[in-house]
Amino acid sequence: MGAIYRREMGAFFTSGIGYVFLAVFALFSGLFFSLGVIGSGVSDMSPMFSSMFLIVLFLIPILTMRLLSEEKKNRTDQGLLTAPVSLPAIVLGKYFAALTLFIIAESIVFIYSIIIALCGEVIWSTLLGNYFAMLFLGAAFIAIGLFISSLTENQMAAAVISMFVLFILYLLDSLAASVPWDFLKNALLSLSFYSRYTEFTSGIFNFSSVLFFLSTAFLFNFFTVRVLDKKRWG
């Protein structure tokens, strides 16, 4: 897994995707920080984290689109699948590389906390709650994006499909509000990523939401392993 991880981390920056991801993340988080926190004269960064949900939704597919689709396009997937490394190690190596880059991007919030500390008091419990909420959200979304990348050799198709799927997940709350049947409404709300994420940004720690995000990440990484397993023996 370590070799796959190092290879993918290097590929993020040689391809330029890593730089683009970090730059765009910093641009929008800085914009929301300036408008929602500094502009409002508050020390709570929750408004910035709430606004970043949609940005993360569109950025993560760009981060994950090439992880496996590029292997298929360049016909290097067969060499990878026949290498003396387990399929879970391949998937997790790629997954953790993308997650590491996401963590690096998200950690810019600690620079913002220094700016706030110069002007007032940082509410660390709220800041860390929001930080980990975005981390859990990113972990789930990256696993979904990686799975979709394993289904096609077209990077743009992987990105567009991932964006579409994640956007549908974002709309589950709105869909639930328009459903007249309580059982279906509750089912949709139970699958809502946005409401679980905003719980954290509102200062509510819900262990079931943490379990939901981590279970989603585990489940879609498992699905990706199954896709590669079918490819290996297909």
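Which residues is F12 in contact with, leaving aside its neighbours within four places in sequence? In this predicted model, local features need pLDDT of at least 70 and side-chain atom pairs count only at pLDDT 80 or more, while totals for chains, interfaces and linings use all residues. Residues are numbered from 1 along each chain as its sequence is written, and side-chain values use heavy atoms, with hydrogens and water left out.

With contact taken as heavy atoms within 4.5 Å, F12 touches I17, G18, Y19, L63, R66, L67, A97, A98 and L101, its neighbours within four places in sequence being set aside. F12 belongs to helix α1, which covers residues 2-14; helices (H or I, at least four residues) and strands (E, at least two) are DSSP runs, numbered from the N terminus. Because its relative accessible area is 0%, F12 is classed as buried. The classes are set as follows: buried means under 20% relative accessible area, exposed over 50%, and partly exposed in between, with a 1.4 Å probe and protein chains only. Between the C-alpha atoms of F12 and E121, which are 109 residues apart along the chain, the separation is 36 Å.

One of the contacts of F12, R66, also lies over the face of its ring, at 5.6 Å from the ring centre. A charge is said to sit over a ring if NZ of Lys or CZ of Arg is within 6 Å of the ring centre and within 35 degrees of the ring normal. A further arrangement of this kind involves R196, whose charged end sits over the ring of F212, 4.2 Å from the centre of that ring.

Side chains of opposite charge can pair when their charged atoms come close. A salt bridge is defined here as a side-chain nitrogen of Lys or Arg within 4 Å of a carboxyl oxygen of Asp or Glu, and by this rule the count comes to 4. R66 forms a salt bridge with E8, with the closest N and O atoms 3.2 Å apart. This pair links distant parts of the chain, since R66 is in the loop between α3 (46-64) and α4 (69-73) and E8 is in helix α1, 58 residues apart. Both R66 and E8 are buried. E8 also meets K94 in a salt bridge, at 2.6 Å from N to O. Because E8 lies in helix α1 and K94 in helix α6 (residues 87-106), this pair ties together parts that are 86 residues apart in sequence. Both E8 and K94 are buried. E8, R66, E70 and K94 are linked in a network of salt bridges.

R226 is partly exposed, at 44% relative accessibility.

Helix α13 spans residues 207-233 and includes F223, which counts as partly exposed because its relative accessibility is 31%. F218, L219, F222 and F223 form a nonpolar patch on the surface, with about 410 Å² of accessible area together. Patches are made of residues with over 30% relative accessible area and no salt bridge, like charges being joined within 9 Å and nonpolar side chains (Val, Leu, Ile, Met, Phe, Trp, Tyr) within 5 Å. Accessible areas come from the Shrake-Rupley method with a 1.4 Å probe, and for residues only the protein chains shown count as cover. N221 also lies in helix α13, but counts as buried at 7% relative accessibility. Leaving aside neighbours within four places in sequence, N221 is in contact with V91, L92, Y95, A143 and L146.

A search of the whole structure finds 25 aromatic pairs. F28 and F32 form a tilted pair, 6.3 Å centre to centre with 40° between the planes. Rings of Phe, Tyr and Trp (its six-membered ring) pair if their centres lie within 6.5 Å; planes under 30 degrees apart count as stacked, over 60 as edge-to-face and the rest as tilted. Both F28 and F32 lie in helix α2 (residues 17-38), 4 residues apart, about one turn of the helix. F28 is partly exposed, with a relative accessible area of 29%. Y95 and F96 form an edge-to-face pair, 5.3 Å centre to centre with 70° between the planes. Y95 counts as buried at 5% relative accessibility, whereas F96 counts as partly exposed at 35%. One aromatic cluster is formed by F53, F58, F141, F167, Y170, F193, Y194, Y197, F212 and F213.
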